[in-house]
Structures are given as C-alpha cells and as structure tokens.
Amino acid sequence: MNISYDYYRVFYYVAKNKSFTGAAKALLNNQPNITRMMKKLEEELGCTLFVRQRHGILLTPEGEKLYAHVSVAFEHILCGEEEIARDKSLQSGIVTVAASEIALHCVLLPVLKSFRKTYPGIRIRISSQSTLQAVDVLKKGLADFAIITEPFALPVGLGSEVLRSIREVPVCSTAFPLSMGTFLTREEIKKYPLIGLGEQTASFRFYSDIFGRMGMSFTPDVEAATADQILSMVKSDLGIGFVPTDFLENENMEKLVILNMKPDIPARNICLLKRKGISLSIAASELERQIKGE
C-alpha cells in the first residue's frame, strides 16, 4: 500500500478527538474535507474504521488496531518536532567536547562560564584528555569537536583551525637560587630538577624537540599527570616547570620566579578539530561560534 502520511495524520486526530469536527478544528481544516479523507483511507485499507454516532464517532476493532500503531508513531514524531524546536531555541541539547588540559584552561573554560549562563538547558560534557587521546575520541565520533594544543598529527577525515597561540615560560619557586628573568642556558638547566608531563603527551614531544635542538634530552625528574599539576609542584619546591603564561595571571607571584630560556620557547597553537563532512548540532555550533569569538 502507498497511503499518504496526511491520511494517517488526519486519522490520528479523528480517533484522538472521537470527532470529525474536533479533528477539523485541531488541523485548521473543514469537516467535509476530513470526512472525505477518512472515507478514502477506509477504501484503501478495505475496512471500516469508524462507526458514526450522534455525538461523534466510535472506532471499530480494526480502527482500534490501527490507532494503537499510528498513535505511537505520530506521538514520536511530535516529540521529535518538539525536541528540534527546543534545540533551535537552545533550550536543550548536549554538547561533548574533547579537550587537552592546556586548551581546556586557556580557551574552553573562560567561554563555558558565559555559555552556561546564557543557555542553562544545554548539557555540556567535557572529556579532558591528552592531545592524542582527544584526537582519538573525536575520530571515533564520541565528541562534537576537540580543542587541543600542538604538536599533533592530523588524521585523515579531520579538519583543524587555529584558535590562538600561547606562550610558555619556565617557572620555579623562591627556594631555588634563581632571580626573576634569569636565562636558562644548557649549563644552567642541568643544575636543577625539571617537572614535566608524561611521554604520551604533546607537551612532552614539544619540549623533547626543544631540548633536542639544545643537544639535550628532556627527562623530567618529576612527572605530573596533568598540566595544572605542574604549577602546584613548582610551588612545592620540586623543580622548574614549564607553564602557559595564562596559568600565572591570577597567581600570587611572591613565591614564584619567572625565568627565560635561551633560545626562547616557541609559541604553540591551540586548535579546534572537527570531523569533515559532519554537521554539528545547533547547540554545538553555538558553542563553537562563541569559542571562535564570532
């Protein structure tokens, strides 16, 4: 059978209201047209669906069976339409973001505060991972987009866009005999313990490359699990750590010493990655727009 959806839609309202007149009002239509469509539906199905009574209609056994199926399907459609309407107005929705630690603190968290205040009905899931893990999560389709720090290899099927660059500086506590602005040469670095992230992180590869160009290996004496732990370890007098300048903005600098490197530490980019050819949800698109400052 090739029966129009419109016939079933009219049938749903007639059966729900138990009245041709009630269905006509609900559908902003006229009763003769409703009656004609239901007569056509009965002809197509080869059975009687309604028994006309003085005050409305009564469903036949066949009509009851059809309504049991049509009502479920149609109410699912209505729910879907309502969800889309809520999503369009950003009253609901879910956004999942995979973010590396530095990208989370330098880009995502400042935006999420205002986004959450503006759209309290949208649920936000943050998957805080290493850069490599964040890329893998995105590849598997488990996140809407990823925000990560360089360096990384961009897999086939993903696109990347630079959001901003960050600067990192070496920092130690006043427990060490180093003054503000001291240049850490190769010889100076060898004198002090270093704090860094593990080998599976983009930061480790970044500093391994820098130290390699200085003819040294990057072998942290203290390994932190996350980027924000490095500063805490520095303040605990455990060694020299490398942190983004953003991390120092709200810090009490009385017990911290900002150092320099010779040569300088290159700037690093924070990038937004998305899957090519996959459209974002309305909520995810709005969060992306705010992250880009558009």
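Predicted model: local features only at pLDDT ≥ 70, side-chain atom pairs only at ≥ 80, totals over all residues.
**Entry 1: overall form**

I began with the inventory: the protein has ten helices and 14 strands. Next I looked up the radius of gyration, which is 31 Å, whereas the globule rule gives 19 Å for 294 residues; the value is well over the rule, so the protein is more spread out than a compact globule. I then took the spans of the C-alpha trace along the principal axes, and they come to about 100 × 35 × 30 Å.

**Entry 2**

I went to strands E1 and E2 next. E1 covers residues 50-53 and E2 covers residues 56-59, and the two pair in the antiparallel sense over four bridges.

I followed one pair in more detail. E3 (residues 94-100) runs parallel to E4, and seven bridges join the two. Within that pair, alanine 98 stands opposite serine 127 in E4.

I found another open sheet of five strands, in the order E10-E9-E11-E7-E12, and its pairing is mixed. Why is one side of E10 and of E12 left without a neighbour in the sheet? E10 and E12 (256-258) stand at the edges and each has a single partner strand, so one side of each stays without a neighbour there. Neighbouring strands of this sheet are turned by 40 degrees against each other on average, direction ignored.

Here I followed E7 (residues 168-173), which runs antiparallel to E11 and is joined to E11 by four bridges. Valine 171 stands opposite glycine 241 in E11. Helix H8 lies across E7, E9 and E11, and runs at about 135 degrees to E9.

**Entry 2: the largest pocket**

I turned to the open spaces. The largest pocket has a volume of about 270 Å³. Which of its 21 lining residues are the closest to its centre? I noted Gln129, Ser130, Leu197, Thr201 and Ala225. The elements that give two or more residues to this lining are H5 (101-118), E4, H6, H8 and E10 (222-224). By class, the pocket lining divides into six nonpolar, twelve polar and three charged residues.

**Entry 3: the cavities**

How many cavities of 30 Å³ or more does the structure hold? I counted two. Strand E9 (194-197), helix H8 (202-213), helix H9 (227-235) and strand E11 (240-244) are the elements that give two or more residues to the lining. By class I get eleven nonpolar, two polar and two charged residues.

The second largest cavity has a volume of about 30 Å³. Asp144, Lys274, Arg275, Ile278 and Leu280 line this one. Its lining divides into two nonpolar, no polar and three charged residues.

**Entry 4: backbone details**

Last, I went through some loops. The peptide bond from glutamate 150 to proline 151 is cis, with omega near 5 degrees. Proline 151 sits in the loop between E5 and E6.

I also noted positive phi values in residues other than glycine. For lysine 18, phi is near 55 degrees, and this residue is found in the loop between H1 (5-17) and H2 (20-26). For aspartate 237, phi is near 65 degrees; I placed aspartate 237 in the loop between H9 and E11.

Terms used:
Residues numbered from 1 in each chain as written. Heavy atoms only, no water. 1 Å grid on protein atoms, 1.4 Å probe; cavity = no way out; pocket = protein on both sides within 12 Å on 5 of 7 lines; lining within 4 Å. Points joined across faces, edges and corners; volume = space filled by probe spheres on them. Nonpolar A, V, L, I, M, F, W, Y, C, P; charged D, E, K, R; others polar. Pairing = 2+ DSSP bridges. Axes fitted to C-alpha atoms, helices over the stretch in contact; angles between N-to-C directions. Contact = heavy atoms within 4.5 Å. Rg over C-alpha atoms; globule rule 2.2 N^0.38 Å.
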